[in-house]
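Visitor: Hi! Could you walk me through this one?
Guide: Happy to. Here it is.

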Amino acid sequence: MFAEGSEKVSAEVRERAFFPADKVKMTMPVFVRDYTDFYSSKNHAFNIGCMVRGPDNALQPNWHHLPVGYHGRASSIVLDGTPIRRPKGQVSADKKTPTFSDCKRMDFELEMGTYLTKSNDLGHPVKVNDAKDHIFGFSLLNDWSARDV
């Protein structure tokens, strides 16, 4: 659609729609008050399960039958380019004596964010066919986690 030489979108529209990256200042598109992170990747869930339960019991049997989600910390959501300080905390290489140090095992993931337009009443889930009435938009984001703190 926007390929060079394409006539599907006029040059005037392309000029108005695109901006040079070095001339644009990124801002937060929304104020994120809360979020839930879901284990939607089998590989990711398996890798985390190995860290917690070992490879023989990495995936719980229910993982294949329901979405597994956990609450995240909205205050850590920042714009691309924001300096990220490596987390610090108690780590233990020998599993006996904890020490306070920088995280040594960082996990980076590309994730998709979904912005919702309205909430639902507690105890009343949104039906799949009604999801379109609750979704405002989507974004891509990098998620990082300290796996040894």
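Visitor: Is Ser 145 buried or exposed?
Guide: Ser 145 counts as buried, because its relative accessibility is 13%; buried means under 20% relative accessible area, exposed over 50%, and partly exposed in between, with a 1.4 Å probe and protein chains only. Keep in mind that this is a predicted model, where local features need pLDDT of at least 70, side-chain atom pairs count only at pLDDT 80 or more, and totals for chains, interfaces and linings use all residues. Residues are numbered from 1 along each chain as its sequence is written, and side-chain values use heavy atoms, leaving out hydrogens and water.

Visitor: Which strand is Ser 145 in?
Guide: Ser 145 lies in strand E6, residues 135-146. Strands (E, at least two residues) and helices (H or I, at least four) are DSSP runs, numbered from the N terminus.

Visitor: And what does Ser 145 touch?
Guide: Leaving aside residues up to four places away in sequence, Ser 145 touches Arg 105, Met 106 and Asp 107; contact means heavy atoms within 4.5 Å. Asp 107 is 38 residues from Ser 145 in sequence, yet their C-alpha atoms are 5.1 Å apart.

Visitor: Zooming out, how many helices and strands are there in the protein?
Guide: The protein has two helices and six strands. From the N terminus, the order is α-β-α-β-β-β-β-β.

Visitor: What does the C-alpha trace span?
Guide: Along its principal axes, the C-alpha trace spans about 65 × 40 × 30 Å.

Visitor: How much of the protein is buried?
Guide: Buried residues make up 18% of the 149 residues.
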